[in-house]
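The exercises below are meant to be worked through with the sequence and the model side by side. Try each task before reading its solution.

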Amino acid sequence: MQHMKLTQEVDLTISHHQIQVRSRDFDEELCQWGEINIKQGAVIHPGYLTFDPIPDDAFGAWVKLALKEAFTEDPNAERRMVVPFDVLDPGKLELLSVMSNAVIELPLEEGRYALYYEICEDEEVYYRLTFVREGEDIQARFLMDDEWGGRAGEALSEGHC
């Protein structure tokens, strides 16, 4: 049996207030932020997600990706949300910001995942993206209260809004 890599760490140069996760080709239309998107810190489209990393300017940060059976919270999280993520084309899985990108090397297959997004701070800021294969009914929502206006249980709007 071949050992599959279930975790990945990427040193990503983050800029333009975005961390993007996608499983389809670049589409300018899917990158647009509306007022509600800005307020909630996320733009959610099938197979195309953009998160606000919060800090301004361009900076380097570790993004820790994992494919798990179940989600476990990072005790250093300052923002936590879950959104549906559709793997539309496993050959196009990518993590990116404007200045850098990386292929997502996790063994994600076509289908729907719950994607848990966490902004964490220990000695420095880092990000966690945890993919959990779940049923089709995933409600995009905040999972904790945070200092930027997120409230635990509050629903996130999908699409450009």
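**Exercise 1.** Is Glu-147 buried or exposed?

*Solution.* Before starting, note that this is a predicted model, in which local features need pLDDT of at least 70 and side-chain atom pairs count only at pLDDT 80 or more, while totals for chains, interfaces and linings use all residues. Residues are numbered from 1 along each chain as its sequence is written, and side-chain values use heavy atoms, with hydrogens and water left out.

Glu-147 has a relative accessible area of 66%, so it is exposed. As for its place, Glu-147 is found in the segment after E11, where strands (E, at least two residues) are DSSP runs numbered from the N terminus.

**Exercise 2.** Describe the open sheet of six strands and say which strands stand at its edges.

*Solution.* The six strands have the order E1-E5-E10-E9-E6-E11, and their pairing is mixed; two strands pair if DSSP finds at least two bridges between them. Strand E1 (7–14) and strand E11 (141–142) stand at the edges, because each has a single partner strand and one side of each is left without a neighbour in the sheet.

**Exercise 3.** Follow strand E2 (residues 19–22) and find which way its side chains point.

*Solution.* In a regular strand the side chains alternate between the two faces of the sheet. In E2, Ile-19 and Val-21 point one way and Gln-20 and Arg-22 the other way, and all of them are buried.

The partners of E2 come next. Four bridges join E2 to strand E4 (residues 48–51), and these two run antiparallel; here Gln-20 has Thr-50 in E4 as its bridge partner. E2 also pairs with strand E7 (residues 94–96) in the antiparallel sense, over three bridges, and there Val-21 stands opposite Leu-95.

Val-21 is buried, with a relative accessible area of 0%, and its C-alpha atom is separated by 8.8 Å from that of Phe-85, which is 64 residues apart from Val-21 along the chain.

**Exercise 4.** How many salt bridges does a search of the whole structure find?

*Solution.* A salt bridge is a side-chain nitrogen of Lys or Arg within 4 Å of a carboxyl oxygen of Asp or Glu, and the search finds nine of them.

Begin with Glu-105 and Lys-5, whose closest N and O atoms are 3.0 Å apart. This pair links distant parts of the chain, with Glu-105 in the loop between strand E8 (101–103) and E9 and Lys-5 in the segment before E1, 100 residues apart. Glu-105 counts as partly exposed at 47% relative accessibility, and Lys-5 counts as partly exposed at 40%.

Now turn to Asp-86 and Arg-112, whose side chains meet in a salt bridge at 2.8 Å, N to O. Asp-86 lies in strand E6 (residues 77–87) and Arg-112 in strand E9, so the pair ties together parts that are 26 residues apart in sequence. Asp-86 is buried, with a relative accessible area of 11%, and Arg-112 counts as buried at 19%.

Methods: Buried < 20%, exposed > 50% of the residue type's maximum accessible area, 1.4 Å probe, protein only.
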